[in-house]
Amino acid sequence: MFTSLGLFGAIPCPQGNNCTLLNCIFSHDNEPAAAEARRSKIPASADDGPPSKRAKVENTQLPGSILPSHSLKESSVEMGRRSLKSVAPKKNPNTQDTPGTQEIAQPTSSHGPPKPSGKESTKPTNTTSAGPSSQLPPRKAPKESLNPRMIAHAPATHGSRTAILQKLHSAMTALNEKLRKDKNSSNRCFVLTADELITMALDEEEKFARDNPTVYGNVIKLRIVKVTKMGVDEWAKEKLKAMPIPINTGLTPAEEIAVVSQLITPLTGLEEHGYVTKKPTDADIETAKRGVDESKGWEKCDRCGQRFQVFPGRREDGTLASGGHCDYHPGRPVYPQRKKTDHVTGSSQPYFPCCSEGLGTSTGCTRAETHVFKVSETKRLASILQFQTTPSQPGKGPLDPVSIDCEMGYTTLGLELIRLTAVSWPKGCDLLDVLVRPMGEVLDLNTRFSGVTSQHYASASPYGTPTPNIDSSSTDDKKKTSPPLQLVQSPAEARDLLLKLLQPETPLIGHAIDNDLNACRIIHPTVIDTVLLYPHPKGLPIRLSLKALAQRHLGRDIQVGDHGHDSKEDSIATGDLVRVKVGEKWKALKTKGQKIEEGRLVRSDGQVSTITSSWTTVQKRKSSR
């Protein structure tokens, strides 16, 4: 007979006194009756005969009846107390035992303190105080068993999920014990109780089962291995839930604008990495158009690498692309670092993090309706829409820095702009956030990364229409609703809206900003790119992701969930990363004798840069209004 999990241990047995099972999974709790008999000092009647195998349970109910939740908890607590009878309790020297009576500790309940009834003792239980911390309310975790939660479409059998869940829980328990024994007192607050560990294991297993059903076994096994190899400090940081790191540069917004001029990076010499510094000529554009005509629509899929044919304007049968479905891996392959033991155990093979399949062993774990392609060549981009250099606007004067982020989708003309967001820097106020109607027919909105769906286009209103009032008084983020985005009719119109916010000397901030500028077909001379501010150790073309930088330097989790990226969230995070660098740069400038006077960055020789002077002028104008 297998050992019971105790799931029904708090429910009275439906058979009551007539139960004949040796190991019944239900409760046969007769402690209240025995306690009442001891308190009343009434001996058992001789006519009752010898005691039965199990005493009759108090308040016996009919089969199938359900006890209140507090009764279930109390009976389970009494069962636990009854199992500890063999352990002699410590006597309180301030109390005196009464012959024939025994004080029974009242069980606790989540519904409030227990109430005395009848002749039960109401004497308060003596407790010991361990200091001020003992007065804090204990953390409460739901009482759950180590049993996989039921979901609509389970990715594996119940037995497989149970085995995996037990391994995950064991790994977490071992790490939690290491944290409990850790001498670093600052990590003690992350020590979890037994119930919290069970709940955490259940939460993670359920998340993997729901979010990754096709690769459930692989991803959760990788998680178990990661937890097993995780150190105490890393475990404590993970339990910190990525608390945001406050940004404190010690400067006013005007002073931050003065310092940010030192972070501007010239793009000359970076053309090979996608940065466009001059407009393609008409001859280049004609060459690109001729090449497209001669290719007859044949392209290479940006996802799976397969050759396919695209039909701008649709073929006679309504088809936009050939080749059928596209099976691909959404994540880039990971190449494990070499180890000293590789000559013995063999080197680790590259794999895809999305499904843990080895490179070259799987055609893909994700299926799309059509193949897609991306245009990277500058002259071919210009053949679709010519680049434009940021024009000067003398009537507006100097403008504040702008942080932007663009989202792109796949069309019959390549990867096109479908959403443009711009916020002010360093305050992060909204400047522009619009949907963009692409020039080509849509093949895939790339929702996994862009966050844009067909519903956004269906609910969008034309640009310039009044925005409806939205109640944002709710403090619950899940209940907050945002107004639908407004739609502009072409990338050229979206570009014109962005250029109204810029002067040639206005710092334009972005992450991998070459992609954003190429999607908008803009050439801007004053750029701050967080890819260049936070370079990869191996240098370009390898780049650190915005998500990784925000987690490391801002303590902020972005681009989470299954709804894709949020360009507004990304543009604000990019601007905050620049603010972190501004704080570091200001510390370095102070050591060199530079200072800020009246909002101006003054070098040791007393000179002021022209960009800083113009920014200071506009700040003085705003402050005088």
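Leu267, Tyr275, Val276, Asp514, Leu517, Asn518 and Ile522 line the second largest cavity of this predicted model, which holds about 30 Å³ of space. A cavity here is a set of points, on a 1 Å grid over the protein atoms alone, where a 1.4 Å probe fits but cannot get out, and lining residues have an atom within 4 Å of a point. Because the model is predicted, local features need pLDDT of at least 70 and side-chain atom pairs count only at pLDDT 80 or more, while totals for chains, interfaces and linings use all residues. Residues are numbered from 1 along each chain as its sequence is written, and side-chain values use heavy atoms, with hydrogens and water left out.

**Cavities**

- Helix 14 (residues 513-520) brings three residues to the lining of the second largest cavity, the largest share; helices (H or I, at least four residues) and strands (E, at least two) are DSSP runs, numbered from the N terminus.
- Among the residues lining the largest cavity are Val375, Leu381, Ile384, Met439, Pro491 and Arg521.
- Strand 7 gives the most to the lining of the largest cavity, four residues, and helix 10 (378-384) and strand 7 (414-424) each supply at least two.
- Sorted by class, the lining of the largest cavity has nine nonpolar, one polar and two charged residues.

**Nonpolar core**

- The largest nonpolar core has 31 residues, and Met172, Leu179, Tyr216, Val227 and Trp235 have the most contacts inside it.
- Helix 3 (158-180), helix 4 (194-211), helix 5 (216-229) and helix 6 (232-239) are the elements that give this core two or more residues.
- A nonpolar core is a set of buried Ala, Val, Leu, Ile, Met, Phe, Trp, Tyr and Cys residues joined through side-chain atoms within 4.5 Å.
- Leaving out residues up to four places away in sequence, Val227 touches Ala171, Met172, Leu175 and Trp235; contact means heavy atoms within 4.5 Å.

**Aromatic pairs**

- The whole structure has two aromatic pairs: rings of Phe, Tyr and Trp (its six-membered ring) pair if their centres lie within 6.5 Å, and planes under 30 degrees apart count as stacked, over 60 as edge-to-face and the rest as tilted.
- Phe8 and Phe26 form a tilted pair, because their ring centres are 5.7 Å apart and their planes sit at 50°.
- Phe8 is partly exposed at 39% relative accessibility, and so is Phe26 at 26%; buried means under 20% relative accessible area, exposed over 50%, partly exposed in between (1.4 Å probe, protein chains only).
- Phe308 and Phe373 are also tilted, with ring centres 6.4 Å apart and planes at 55°.
- This pair links distant parts of the chain, 65 residues apart: Phe308 is in strand 2 (residues 307-309) and Phe373 in the loop between strand 4 (366-368) and helix 10.
- Phe308 is buried at 0% relative accessibility, and Phe373 is buried at 1%.

**Around Leu320**

- Leu320 sits in the loop between strand 2 and strand 3 (326-328) and is buried at 11% relative accessibility.
- The C-alpha atoms of Leu320 and Thr412 are 7.3 Å apart, although 92 residues separate them along the chain.

Terms used. On a 1 Å grid over the protein atoms alone, a cavity is a set of points where a 1.4 Å probe fits but cannot get out, and a pocket is an open set with protein on both sides within 12 Å along at least five of seven lines; lining residues have an atom within 4 Å of a point. Ala, Val, Leu, Ile, Met, Phe, Trp, Tyr, Cys and Pro count as nonpolar, Asp, Glu, Lys and Arg as charged, and the others, Gly among them, as polar. Grid points are joined across faces, edges and corners, and a volume is the space filled by probe spheres set on the points.
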